[in-house]
Amino acid sequence: MSKTNYSYIGISFIILIFGIIFIPRIVERISNKDISREESRSEDISKQASKTSDLAFLTINGEPKKVPDFSFTNQNGKTITNKDYEGKVYIVEFFFTTCPTICPRMNSNLVQIQNTFEGIENFGVASFTINPDYDTSEVLKDYAEKYGITNPNWHLLTGDKDKIYELANVGFNLYTAEDSEVVGGFEHSGNFALIDKNGFIRSRIQDGNPLIFYNGMISESEEMDDDGKTQEITMLKEDIEKLLNE
């Protein structure tokens with residue numbers, strides 16, 4: 001047999017050994033890499049899904065309720081719109097500065113919540129006065145100082161009365177009315193609405209149903225009112241935390 005033939009045999013033998021030893025390893029590494037990639041993708045999808053908390057959306061006619069557009073003036077004379085709250089978790093209330101009954105309790109509770117989330121840039125409060133004829137920016141600023149309102153995203157808002165009442169009763173489904181026969185001259189809900197970063201009204205599920213709104217009149221220290229209703233400030237704080245983490 002010629003030397004040339006021996007060379008061909010030797011080369012063929014080397015190729016055969018390479019295929020036996022190395023090709024399965026290459027295939028295995030490629031397969032493992034593919035598996036790793038698939039696992040990584042699955043983890044990413046899982047993480048994205050877990051970002052949405054268990055808080056419910058307030059739905060009207062099957063559609064999640066979103067905060068409508070609004071534009072009012074805050075305690076510093078600055079125009080504030082719903083756009084200023086985009087990307088923020090915030091609480092909504094309707095009140096008036098001369099309220100002799102529930103408003104002081106509500107705002108004391110809100111200040112306590114404010115202090116719990118001190119320094120959190122994407123947390124805020126929107127307080128709409130239902131007596132804008134009296135509650136000017138100057139009056140609201142004095143009120144803010146009196147109650148210790150320091151969060152830069154807590155805006156006390158005044159403006160056109162009809163638009164405020166429409167926002168309350170239709171936009172948030174929080175009852176508001178002017179009534180000369182009641183103490184203080186106005187009626188309004190003592191509840192808070194909780195809004196997520198995308199502007200949707202959210203709440204926890206309780207006993208199989210969405211809570212919808214949170215009672216703002218009973219403090220954590222009181223625990224319950226004279227009628228035996230339990231405070232909801234603690235759960236509101238917990239749910240704010242959930243939305244901040246979404």
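These are legends for a set of close-up views of one predicted protein model.

The model is predicted, so local features are described at pLDDT of at least 70 and side-chain atom pairs at pLDDT 80 or more, while totals for chains, interfaces and linings use all residues. Residues are numbered from 1 along each chain as its sequence is written, and side-chain values use heavy atoms, with hydrogens and water left out.

**View 1. The whole chain, before zooming in.**
The protein chain has 5 helices and 15 strands; both are DSSP runs, with helices being H or I of at least four residues and strands E of at least two, numbered from the N terminus. Of its 246 residues, 41% are buried. Here buried means under 20% relative accessible area, exposed means over 50%, and partly exposed is in between (1.4 Å probe, protein chains only). The accessible surface comes to about 14,200 Å², with 51% of that belonging to carbon and sulfur atoms; these areas come from the Shrake-Rupley method with a 1.4 Å probe, and for residues only the protein chains shown count as cover. Take the contacts (heavy atoms within 4.5 Å) with a separation of 6 or more: 70% of them are between residues 24 or more positions apart.

Side chains of opposite charge can pair when their charged atoms come close. A salt bridge here is a side-chain nitrogen of Lys or Arg within 4 Å of a carboxyl oxygen of Asp or Glu, and a search of the whole structure turns up 11 of them. One joins glutamate 238 to arginine 204, with the closest N and O atoms 2.8 Å apart. Glutamate 238 sits in helix 5 (residues 233-244) and arginine 204 in the loop between strand 12 (201-203) and strand 13 (205-206), so this pair ties together parts that are 34 residues apart in sequence. Arginine 204 also forms a salt bridge with aspartate 239, where the closest N and O atoms are 2.9 Å apart. Aspartate 239 is in helix 5 too, so that pair links parts 35 residues apart in sequence.

**View 2. Helix 5 from end to end.**
Helix 5 has 12 residues and reaches 16 Å from its first C-alpha to its last, close to the 16 Å expected at 1.5 Å a residue. That expected span is 1.5 Å times one less than the number of residues. Which residues of helix 5 are buried? They are Ile233, Met235, Leu236, Lys237, Asp239, Ile240, Leu243 and Leu244.

**View 3. Lysine 229 meets glutamate 232.**
The side chains of lysine 229 and glutamate 232 come together in a salt bridge at 3.6 Å, N to O. Lysine 229 is partly exposed, with a relative accessible area of 38%, whereas glutamate 232 is buried at 8%.

**View 4. A salt-bridge network at aspartate 133.**
Salt bridges that share partners join Asp133, Lys161 and Glu178 into one network. Aspartate 133 lies in the loop between strand 7 (123-129) and helix 3 (137-147), and it is exposed at 62% relative accessibility. Aspartate 133 and lysine 161 are 28 residues apart in sequence, yet their C-alpha atoms are 7.8 Å apart in space. Their side chains make a polar contact at 3.3 Å. For that label, a pair of N or O atoms must be within 3.5 Å; within protein, one must be able to donate a hydrogen and the other to accept it, and residues adjacent in sequence count only if both atoms are side-chain atoms.

**View 5. Glutamine 114 and its surroundings.**
Glutamine 114 lies in helix 2 (residues 103-116) and is buried, with a relative accessible area of 3%. Its side chain reaches the backbone oxygen of glycine 148 at 3.1 Å. Leaving aside neighbours within four places in sequence, glutamine 114 is in contact with Phe123, Gly148, Ile149, Thr150, Asn151 and Trp154.

**View 6. Two loop residues with positive phi.**
Most residues other than glycine have a negative phi. Asparagine 173 is not a glycine, but has a positive phi of about 55°. Asparagine 173 is in the loop between helix 4 (161-171) and strand 9 (176-178), and is partly exposed at 39% relative accessibility. Glutamate 223, also not a glycine, has a positive phi of about 70°. Glutamate 223 lies in the loop between strand 15 (214-215) and helix 5, and is exposed at 52%.
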